[in-house]
Amino acid sequence: MTSETKTARGPAEFESAAASSPQTVAEFDEHKQSFGQKVQHTLHQTPSLVPLIVLLISVGVFGILLGSKFFSPFAMTLILQQVQIVGIVAAAQSIVILTAGIDLSVGAIMVLSSVVMGQFTFRYGLPVEVAVAAGLICGTICGYINGFLVAVVKLPPFIVTLGMWQIVLATNFLYSANETIRSQDISEQAPLLQFFGNKVEIGGAIFTYGVIFMVLLVLVLAYVLRQTAWGRHVYAIGDDPEAAQLSGVQVKKVQISVYMLSGLICAFAGWAMIGRIGSVSPTTGQLANIESITAVVIGGISLFGGRGSILGTLFGALIVGVFTLGLRLLGADAQWTYLLIGLLIIAAVAVDQWIRKVSV
Amino acid sequence: MEPVLQARNLVKRYGRVVAMDHADFELYPGEILAVIGDNGAGKSTLIKALSGAVQPDEGEIRLDGKTVHFSSPIDAREAGIETVYQTLAMSPALSITDNMFMGRELRKPGFRGKWLRQLDHKKMEEIARGKLNELGLLTIQNINQAVETLSGGQRQGVAVARAAAFGSKVVIMDEPTAALGVKESRRVLDLIKDVRARGLPIVLISHNMPHVFEVADRIHIHRLGRRACVIKPDDLSMSDAVAIMTGAMDPPEAKAA
């Protein structure tokens, strides 16, 4: 071999041309942005702004159209009461979707947990506190099964929870023998089951414990997702599970814990549902999974995981509530609500795609 | 001098395929050791064994003279071996700080950290900014910028800074310049030299011969699942190295310095 093929130790010659061009590869200067880019950037950092703006506008529009009929403390808090169950379930759905999963079994877990609470009290005569605890454990176990199948057996979340939805719902009907426990019996013998139906009245505004629980739950989850390592890991897994694994996140553990927490929150939703409707009925809450996904999507959380905030979910649920009540007060056909919600879902996903294309 | 990281007789089989066939490896303090080899020579298996991603069937790995067993990349990381993966292993939607501290977040002192598990965002940002500046890498305006808004070179820079910041013994870099343009590659190569200047030994895996010959102190040539030889870039030419890699030339005897 001749010395010609040997390279001097240093940059290769062809690089000298590159050296004369600007060397600002790794600088972070903010250059001027157009208005559209600024909006895009702001939304990228605060994704819950979109649903908040939509919520405020829709409240404003219905307020103008309906006046004090809509703009009263009573109507406003009625919306909260109507969305409380979906809101709680959507909070559970949010953390699952943030990991790029989905939980189709939320509604079924909610109903089964409420049935367990009711049947343990009335069929087995257990103390109501024990029955409630059993219901909460039941939800958590259902969540664990989901999490185990997703994280350890590596099955797609959609399939796992589609199956669990059917299994849990069938278990619910078989176990409860399709029996409803009547409201009077509950309030006489086990009022704790209706705990979340208790009310606080301030002026004309009525806050049920269920509403207060929903708001507190969302605030606590927002804190956990933003301020704790676990929360950051949830986002990292949704973003790129392999990268998260390599950077030292215990992906399986976090995934299982997410589905367990989702199950537990659904069980709380089941408890709150007893407070809302008074009775324990195995046939309610059939649409909770679709309604919760709707709230999450309108709330600006990406179905591809890793993006969005749980406050957005609360706003999403409230938007649905505002449209439902507002259109009903206007005397419109209920189908208009579904039509508008459908439009909102598609618009929300379009905005999500646009935000993703953000550049510096 | 005693090697920082040493492997003896590593064997790894996947079914009938022998990916590593009694492979040896040594990394000495303060050096850049390049690992080259043709596709399928088993160099990624070797690197994965050193970074904890693969568990060898036979052989032993010593770190600072002590035998170690890594059952996951987290183990290797805790022992002081940081790896910059070719895919970078970063979460695009999260910020630079979040990514640098992923899996080793700092909590606030006292009640808020212990009981509310609250993260110390401020301190982490401070450290992240310090580390990036230390490497003369970035004039950062917004350390909370999402990684996906950075260019390829900037991302690589953050990944290298993360490894250099937390690696106490060894930094392994897998194809750090493969996805970069000429200019960006130059920045990253300078960065690699900076990291060496700070005293950290580096294992560099690359297909880019000019880059390898420029920065490496020694070159480990891997062939057919084992080390063919170790050469010094001044002793042999690039085409000799490639010839040894492909088997066209016999490795120089007893040159494994």
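This is a short chat about the predicted model shown above.

Visitor: Hi! What should I know before we start?
Guide: It is a predicted model, where local features need pLDDT of at least 70, side-chain atom pairs count only at pLDDT 80 or more, and totals for chains, interfaces and linings use all residues. Residues are numbered from 1 along each chain as its sequence is written, while chains are lettered from A and ligands numbered from 1 in the order in which they are written.

Visitor: Great. How many helices and strands does chain A have?
Guide: Chain A has 15 helices and two strands; these are DSSP runs numbered from the N terminus, helices being H or I with at least four residues and strands E with at least two. Its C-alpha atoms fill a box of roughly 100 × 50 × 35 Å along the principal axes.

Visitor: And how much of chain A is buried?
Guide: Of its 360 residues, 49% count as buried. Buried means 20 or more other C-beta atoms within 10 Å of the residue's own, exposed means 12 or fewer, and partly exposed is in between, with C-beta atoms placed from the backbone.

Visitor: Is H5(A) buried or exposed?
Guide: 17 of the 17 residues of H5(A) are buried, so this helix is largely enclosed by the rest of the structure.

Visitor: Switching topic: how do H9(A) and H14(A) pack?
Guide: Helix H9 (residues 209–227) and helix H14 (residues 310–329) of chain A pack at an angle of about 155°, with axes 8 Å apart. They are therefore roughly antiparallel, a label for angles over 145 degrees.

Visitor: Which residues make that contact?
Guide: Val218(A), Leu221(A), Ala222(A) and Leu225(A) of H9(A) meet Ile310(A), Leu311(A) and Leu314(A) of H14(A); contact means C-beta atoms, placed from the backbone, within 7 Å.

Visitor: Which transmembrane regions does UniProt list?
Guide: The unreviewed UniProt entry lists several in chain A, including residues 130–151 and 202–225. Over residues 130–151 the chain is 100% helix and 0% strand, whereas residues 202–225 are 71% helix and 21% strand.

Visitor: Last one: where is Leu88(B)?
Guide: Leu88(B) lies in the loop between strand S6 (81–84) and helix H3 (96–100) of chain B. Leu88(B) has a positive phi of about 75° although it is not a glycine, and it is buried, with 24 other C-beta atoms within 10 Å.

Note on methods
UniProt positions are given in the numbering used here, feature names are shortened, and annotations may be inferred rather than shown by experiment. Axes are lines fitted to C-alpha atoms, for helices over the stretch in contact, and angles run from 0 to 180 degrees between N-to-C directions. Angles under 35 degrees count as roughly parallel, over 145 as roughly antiparallel, 65 to 115 as roughly perpendicular and the rest as oblique. Two residues are in contact if their C-beta atoms, placed from the backbone, lie within 7 Å.
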